[in-house]
Structure formats: C-alpha cells, structure tokens
Amino acid sequence: MIQEETRGATVVLDPDAPRPNGIAVASLVLGLVGIAVGIIPLFVGLVLSFVPTALAILFGLIGLARTSTRRSGFVPALLGLLLGVGTAALWTTGYGIAW
C-alpha cells in the first residue's frame with residue numbers, strides 16, 4: 001500500500017486491488033443484446049443476433065481468462081458466455097426463424 005498526501009487528503013493506492021474487467025462486462029451486454037434481438041422473426045433475428053452472440057462467446061472466454069490477473073469480472077464473463085452459448089443453442093430449435 002502506498003500513501004500519498006494530496007491537498008490535505010490522504011490517498012491510499014493499493015496495487016493489489018481488483019481492477020475492472022471491461023471485456024467481461026462487454027460479454028454480458030452482448031449476450032443480452034444477442035438474445036433480445038434473436039426474438040425478431042423470419043431469419044432477421046438469426047442474422048442480426050449472430051454477431052453479438054459470437055462476440056459474447058469470444059469475450060466471455062477472454063473475460064474468464066483475465067479474471068485471474070484482474071481478480072474481478074468472473075460473474076459477468078460467465079453470464080455473457082452462458083447467454084451466448086444459450087442463444088446459439090436456441091438457433092437449432094428455430095429461435096429467430098419463425099414464430
């Protein structure tokens with residue numbers, strides 16, 4: 001821990017503190033977008049949800065790999081990965097193709 005004096009206030013800098021994991025949060029957001037857009041019928045949902053779902057899976061895997069070094073973001077990365085994989089699994093049942 002490093003303490004610094006800044007205009008009368010003491011600032012404590014902890015180099016071991018968890019750092020934000022933006023890739024994990026991006027995975028969660030893209031997973032939610034992919035499953036929400038996939039509801040649109042007549043192949044439009046399938047086409048529009050492909051990119052967010054693929055990125056949610058990719059970012060989820062990267063986010064999970066980065067949790068050990070950043071010590072944060074495990075839950076958003078896991079949820080984004082599960083939403084992405086779940087959406088891809090729903091494609092096989094006709095999700096986004098027809099109602």
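The structure is a predicted model, in which local features require a pLDDT of at least 70 and side-chain atom pairs count only at pLDDT 80 or more, whereas totals for chains, interfaces and linings use all residues. Residues are numbered from 1 along each chain as its sequence is written, and side-chain values use heavy atoms, with hydrogens and water left out. The pLDDT, the predictor's confidence in each residue on a scale from 0 to 100, averages 85 over the protein, and 87% of the residues score at least 70.

Of the 99 residues, 25% are buried, where buried denotes a relative accessible area under 20%, exposed one over 50%, and partly exposed the range in between (1.4 Å probe, protein chains only). Contacts are defined by heavy atoms within 4.5 Å, and among those between residues at least 6 apart in sequence, 69% join residues at least 24 apart.

Helix H3 comprises 18 residues and spans 26 Å from its first C-alpha to its last, close to the expected 26 Å at 1.5 Å a residue, the expectation being 1.5 Å times one less than the number of residues. Its buried residues are Ala77, Gly80, Leu81, Gly84, Thr87 and Trp91. These lie on the same side of H3, because they cover an arc of only 130° around the axis, taken from the directions from the helix axis to the C-beta atoms. Val75 and Leu82, on the other side of H3, are exposed. The cover over the buried residues of H3 includes helix H1 (22-37) and H2.

A search of the whole structure identifies one aromatic pair, formed by Phe50 and Trp91, which is stacked, with 5.8 Å centre to centre and 25° between the planes. Rings of Phe, Tyr and Trp (its six-membered ring) are paired if their centres lie within 6.5 Å, and planes under 30 degrees apart count as stacked, over 60 as edge-to-face and the rest as tilted. The pair links distant parts of the chain, with Phe50 in helix H2 (residues 44-70) and Trp91 in helix H3 (residues 74-91), 41 residues apart. Phe50 is partly exposed, at a relative accessible area of 48%, whereas Trp91 is buried, at 17%.

Conventions
Helices (H or I, at least four residues) and strands (E, at least two) are DSSP runs, numbered from the N terminus.
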